[in-house]
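Here is a friendly note to read beside the model, with a few numbered points to check as you go. Please keep the sequence and the 3D view open together.

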Amino acid sequence: MTCTEFLAQLDDLLDDAVTTEMRADLREHLRGCEHCEVTLNTTRKTIEIYRSHEIYALPTDLRERLHAAIMARCKKGC
Amino acid sequence: MATIQPIAGENEQHPDVALVERVRGGDVSAYDTLVRKYDRQIFRIAQHITQNREDAEDVMQDAFLKAYEKLEQFQGNSKFYTWLVRIAVNESLMRLRKRRTGRMVSIDEDVETEEGSVPRDLADWAPDPEQNYTQAELAEILRKTIQGLPQGFRVVFVLRDVEGLSTEETAETLGLSVPAVKSRLLRARLQLRERLTRYFRSKKGPKEMGVEK
């Protein structure tokens, strides 16, 4: 397996959507390719970091204000 | 082949469907529950697309009001949340068009780039790279890094990886094919990884906050 072929499977590997056979081939490639191992690990970490950090938080006061505005309009039939 | 497949989980009603039914029956308080359940996600998606706080506030209000008005059109063959996200994405794009008057804005913008399709910076990251930054610094790095992605990649990454829609739901929401979503997702993930490597590499990372475009 080449690095290009590995990259083509990267998303499916990250999403746990590869067949057992493909997974074995990918693992085999990783054993001999530090670059692809780094790419896999740091891409996985990239996703985790964006999932676990709230970068656009909705502050409570703004949330309540928007919520009140939405519900007032809905009660009037928009 | 025309075989009739039973709908998966036919007897299990999603809690949102019951809430939608109550709203349709005139119980406005059930809509209150739906708004509180999804307002943070809708606000976040709107911010990612418009990249403007005031626009995101307007989009959030408009999306929930439009969903309320169009509730009769909600078929229940997709999730309420996916349906709502589609409305919010469209409202966000409309808001961008208004701001950039006369200029077409679409999720196909700027996707014809080869950047990030092949990893170049292959430095490994520090074991816990977040520890080198305060929460505020980290949030700024993450914001600026994702803002630098082309719109068409950013939206796919946000819906698929941050908001947890499936590939199929993301494709349906954005009016893209499944292969297009997959291609954009891979490139979005690789570009973000590459850009974050500048901050998170395992040697002493740069602490200055001059974030790349």
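1. **Helices of chain B.** Helices (H or I, at least four residues) and strands (E, at least two) are DSSP runs, numbered from the N terminus. With that in hand, read chain B from the N terminus on: the pattern is α-α-α-α-α-α-α-α. That gives 8 helices and 0 strands.

2. **What you are looking at.** This is a predicted model, in which local features need pLDDT of at least 70, side-chain atom pairs count only at pLDDT 80 or more, and totals for chains, interfaces and linings use all residues. Residues are numbered from 1 along each chain as its sequence is written, while chains are lettered from A and ligands numbered from 1 in the order in which they are written.

3. **Helices of chain A.** Chain A has 5 helices and 0 strands, in the order α-α-α-α-α. Its radius of gyration (taken over C-alpha atoms) is 22 Å, well over the 12 Å that the globule rule gives for 78 residues, so chain A is more spread out than a compact globule. The globule rule is 2.2 Å times the number of residues to the power 0.38. Along its principal axes, the C-alpha trace of chain A spans about 65 × 25 × 20 Å.

4. **Buried and exposed.** A residue is buried if 20 or more other C-beta atoms lie within 10 Å of its own, exposed if 12 or fewer, and partly exposed in between, with C-beta atoms placed from the backbone. By this count, 15% of the 78 residues in chain A are buried. In chain B, 38% of the 213 residues count as buried.

5. Take H3 of chain A, residues 20–32. Is H3(A) largely in the open or largely buried? The number of its 13 residues that are buried is 1, so H3(A) lies largely in the open.

6. **Where the chains touch.** Two residues are in contact if their C-beta atoms, placed from the backbone, lie within 7 Å. On that basis, 27 residues of chain A are in contact with 37 residues of chain B. On the chain A side, H2 (10–14), H4 (34–52) and H5 (60–75) each give two or more residues. H4(A) gives the most, with 11 residues. By class, this side of chain A has 14 nonpolar, 7 polar and 6 charged residues. Here Ala, Val, Leu, Ile, Met, Phe, Trp, Tyr, Cys and Pro count as nonpolar, Asp, Glu, Lys and Arg as charged, and the others, Gly among them, as polar.

7. **Two domains in chain B.** The domain assignment gives domain 1 (15–99) and domain 2 (106–213); such bounds come from an automatic or database domain assignment. Their contact takes 11 residues from domain 1 and 12 residues from domain 2 of chain B. On the domain 1 side, H2 (28–50) and H4 (80–99) of chain B each supply at least two residues. H4(B) gives the most to that side, with 5 residues.

8. **The core.** A nonpolar core is a set of buried Ala, Val, Leu, Ile, Met, Phe, Trp, Tyr and Cys residues joined through C-beta atoms within 7 Å. The largest one has 56 residues, and Ile42(B), Ala46(B), Met60(B), Leu84(B) and Ala88(B) have the most contacts inside it. Both domains of chain B give residues to this core, so it lies between them. Leaving aside neighbours within four places in sequence, Ala88(B) is in contact with Ile42(B), Ile45(B), Ala46(B), Val59(B) and Ala63(B).

9. **Two loop residues worth a look.** Most residues other than glycine have a negative phi. Asp16(A), however, has a phi near 55°. Asp16(A) sits in the loop between H2 and H3 of chain A and counts as exposed, with 7 C-beta neighbours inside 10 Å. Gln51(B) also has a phi near 55°, a positive value. Gln51(B) lies in the loop between H2 and H3 (53–69) of chain B and is partly exposed, with 17 other C-beta atoms within 10 Å.

10. **A buried leucine.** Leu190(B) is in H8 (residues 178–200) of chain B. Leu190(B) is buried, with 24 other C-beta atoms within 10 Å.
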